[in-house]
Amino acid sequence: MQKSLVPIWIASLALAACATDGDNAAKDTVMADTETRTFPTQVPERPATSVGMRGILAMAHRSADNRARDSYRHPQETLAFFDVQAQQTVVEVTPGGGWYTEILAPYLRTNGKLIAQVFDPSVQANPRARDYYIKSNAEFRAKLATDTNVYDRVQVIESPSDQPVLGAPASVDRVLTFRNVHNWTGAGNDAAMFKAFFDVLKPNGVLGVVEHRAAPGTDPAVSAKSGYITEDYVIKLATNAGFQLAGRSEINANPKDTRDHPNGVWTLPPVLRVPEGGDAAKYRAIGESDRMTLKFVKPAG
């Protein structure tokens, strides 16, 4: 039977809008894991100074609100850390409202390929989950139709959430997921998702993960309900699937985030789901969530 996504259904509606205000002092800090040295054939990380990427971030198809959030999501630095290159085939997993799609689609349009993976509503056992995916998938496709000069070559694939398949085995260069892992943990399909990532990536391919970061030692089953997952748990999911940790970055860190908010991560900007009578200014001052940024590699052998 298809696993229900109801425990995280409301949370997933908000995640398309969530973002992080990283600590300025931490933006340039990259803590390279020693395992990186075991991949001599891997292309070295490039500095985030691509003129092409800067131009894409300023393109007119991006709304002013989305461009304003670049300071929280650090897309140029994040994609450079994941070594995303314009000639690659990239899978963006459950892209939500398409914030990163706006950047990846034009970047990969000429020489690469962007595949956006969404969940198939027809195999959802729960009516609310099915209705949600019908609506969100339609909205995502409508977004792609707004500018054929940008989105005409984006491929959208639908897969079951409990037995996901992202494409032919060993067929893509990068798999990227932004603020999704807690949804899969809440639904009980996180291990299946990471196995699908491993299967679809080529040898030496990279999995890039950005996720709201829970305090170390927090029970994932509990923290997932508030939108957070521990970094150790995400690393375990990936290594259990066969990946090796290749690097960590504090690009998207925010040490002001105490992770104990009344409505979880959605208490913080930009959602600001503050309880009645609460102090919204307090949460604006914190900024957006503290996030891990992890790079994993599929070994060649």
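Good morning. I begin with Thr-94, which is found in the loop between β2 (89-93) and α6 (101-108). Please bear in mind that the model before you is predicted. The phi of Thr-94 is near 35°, a positive value in a residue other than glycine. Is Thr-94 buried or exposed? With a relative accessible area of 16%, Thr-94 is buried, because the cut-off for that class is under 20%.

A second residue of this kind is Ala-170, in the loop between β4 (155-159) and β5 (172-178). Although Ala-170 is not a glycine, its phi is positive, at about 55°. Ala-170 counts as partly exposed, at 37% relative accessibility.

One further backbone feature concerns Pro-269 and Pro-270, which are joined by a cis peptide bond with omega of about 5°. Pro-270 is found in the loop between β7 (244-249) and α13 (280-286).

I turn now to helix packing. Helix α10 (residues 190-200) packs against helix α12 (residues 231-241) at an angle of about 50°, and their axes are 8 Å apart. The two helices, α10 and α12, are therefore oblique to each other. Their contact involves Asp-190, Ala-191, Phe-194, Lys-195 and Phe-198 of α10, together with Tyr-233, Val-234, Leu-237, Ala-238 and Ala-241 of α12. By class, this contact of α10 with α12 has eight nonpolar and two charged residues, and no polar ones.

How values were computed:
Residues are numbered from 1 along each chain as its sequence is written. This is a predicted model: local features need pLDDT of at least 70, side-chain atom pairs count only at pLDDT 80 or more; totals for chains, interfaces and linings use all residues. Side-chain values use heavy atoms; hydrogens and water are left out. Axes are lines fitted to C-alpha atoms, for helices over the stretch in contact, and angles run from 0 to 180 degrees between N-to-C directions. Helices (H or I, at least four residues) and strands (E, at least two) are DSSP runs, numbered from the N terminus. Angles under 35 degrees count as roughly parallel, over 145 as roughly antiparallel, 65 to 115 as roughly perpendicular and the rest as oblique. Contact means heavy atoms within 4.5 Å. Ala, Val, Leu, Ile, Met, Phe, Trp, Tyr, Cys and Pro count as nonpolar, Asp, Glu, Lys and Arg as charged, and the others, Gly among them, as polar. Buried means under 20% relative accessible area, exposed over 50%, partly exposed in between (1.4 Å probe, protein chains only).
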